[in-house]
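Dear colleague,

I am passing on the structure we spoke about, and would be glad if you could look it over with the notes below beside you.

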Amino acid sequence: MDFSLSTEQKEIFDTAIKFAKNEMIPHALELDEKSQFPHEQFKKAWELGFINTCIPEEYGGVGFTALDSVTIGEALAYGCMGMNTAFMANDLALLPIAIGGSHEQKEKFLKPFTEEYRIAAFCLTEPGNGSDAAGLKTTLKESGDHYILNGEKMWITNAGEAHLFVVYCTVDPTLKHKGITAVIVEADRDGIVLGKKEDKMGHRASDTRGVRFENVKIPKENIIGNIGEGWKLAMKTLDHSRPLVASSAVGGAQRALDCAAKYSKERKQFGVEIAGHQAIQMMISNMAMKVEASRLLVQKAAWLLDQGLKNTEVASYAKAFAADACMEITTDAVQVYGGYGYSKEYPVEKLMRDAKLIQIYEGTSQIQRLVIAKEVLKKY
Ligand code: CAA
């Protein structure tokens, strides 16, 4: 058992954290306030090789492991959880192609993401179906030599900027899981109608909106795997992406701890630094323990993937634990700052707003516990 990162991983982390501190943090508050998409940072992160980490080397990718990806994810989220959501959504959308796509699909759809700055969006959730993902209603009907896609998706990260969508739909809603199919939809196809950009509590630098597909023509070669294989592909994709989302919680939580600990040594009350008061020390200790435990769970969930082992249970441990810990840690960071923490002039109020979404997207903290219960109870 060895808990240390390799020399190469340490170098990757150092480059990513430097980028987060120099290129993301200075712009995070402004992009959040203006609800502006981080094109400049996205493009620079892409140039550094930090985007689309799931693309295999043979299709032009950098060849990162899952452990490399969560190491990068933590560092970039330290810079801004909102910008990192936009970055990560590319991986989430490309993963179904990397996991279940044919050689031709990988050549055609993944390679361009390594050759130029491009954005992708993953479309699973619908206005009426979030946690109950298998209840989706978007339909795919055969029509001669192609298919026709109709339906509405909601809460789609990157939708307004995307060059490519990966859409989950059904050939027959009564088949539930067995009818679900994943299709690749190029953004320039006729019939794609974007909804209005959501005005969100946090992650405001990311673009989130609904998308409607109205009689969109889908060539047969854009189906990932076979008809009816989309559900398992979606679940496998989430097994890969949940450790990454959890790494974002670790990055945000580490930033909150760093801010709170530093501030506690600057702020004086009752004649001493507040770090000298046990009430503050208890909060700092709890933050540090939870950051470390979250990071270890995230690394284990990623390591299992790299070993080719099933990580469903540990990925949900990581996602639920790290997201809940991030919410608690950022809330305590605001508490350490007191009144100043509640002001937008200090960084921690944004961290607290951003933390909330990690408990909701890619499966709520409650859904993670359902997944865990299913996996645990199977053993008895
Ligand atoms: N790998 C392989 N197969 C899996 C699997 C996995 N991880 N998880 C489930 N399956 C299989 C099951 O074994 C079962 O197979 P059989 O029919 O052969 O027995 C089948 O899939 C159905 O599984 P369940 O009975 O568990 O399905 P369910 O309908 O009860 O749903 C759920 C389970 C875990 C609640 C699922 O609906 C879920 O994960 N919901 C949350 C959805 C979610 O995370 N959405 C996030 C959207 S993306 C997002 O937020 C992105 C963003 O913008 C950033």
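How many residues of domain 1 are in contact with residues of domain 3, and how many of domain 3 take part? Please bear in mind while reading that this is a predicted model. The chain is divided into domain 1 (7–115), domain 2 (120–227) and domain 3 (231–377), and 26 residues of domain 1 are in contact with 33 residues of domain 3. Between the C-alpha centres of domain 1 and domain 3 the distance is 20 Å.

With a relative accessible area of 1%, Asn84 is buried, the cut-off being under 20%. Its side chain makes a polar contact with the side chain of Ser248, at 3.2 Å. When the neighbours within four places in sequence are left aside, the residues in contact with Asn84 are Gly73, Leu76, Ala77 and Ser248.

The ligand is the other matter I would draw to your attention. Because domain 2 (120–227) and domain 3 (231–377) both give residues to the shell around the ligand, it lies between them. There are 23 residues around the ligand, of which Thr157, His177, Trp231, Arg242 and Lys374 come nearest. By class, the residues of this shell divide into 10 nonpolar, 7 polar and 6 charged.

As for the secondary structure behind the shell, strand E3 (146–157), helix H6 (230–264) and helix H10 (365–377) each supply at least two of its residues, and H6 gives the most, with 6 residues.

A polar side-chain atom of Trp231 lies 2.8 Å from an oxygen atom of the ligand, while a backbone N or O atom of Ser131 lies 2.8 Å from a nitrogen atom of the ligand. In the case of Thr312, an N or O atom in the side chain is 3.4 Å from a nitrogen atom of the ligand. Taken on its own, the ligand has 1,100 Å² of accessible area, and the protein covers 73% of that.

With best wishes

Terms used
Residues numbered from 1 in each chain as written. Predicted model: local features only at pLDDT ≥ 70, side-chain atom pairs only at ≥ 80, totals over all residues. Heavy atoms only, no water. Near = heavy atom within 4 Å. Polar contact = N/O pair within 3.5 Å; in protein donor to acceptor, adjacent residues only side chain to side chain. Areas by Shrake-Rupley, 256 points an atom, 1.4 Å probe, with all protein chains shown as cover. Helix = DSSP H or I, 4+ residues; strand = E, 2+ residues; numbered from the N terminus. Nonpolar A, V, L, I, M, F, W, Y, C, P; charged D, E, K, R; others polar. Domains from an automatic or database assignment. Buried < 20%, exposed > 50% of the residue type's maximum accessible area, 1.4 Å probe, protein only. Contact = heavy atoms within 4.5 Å.
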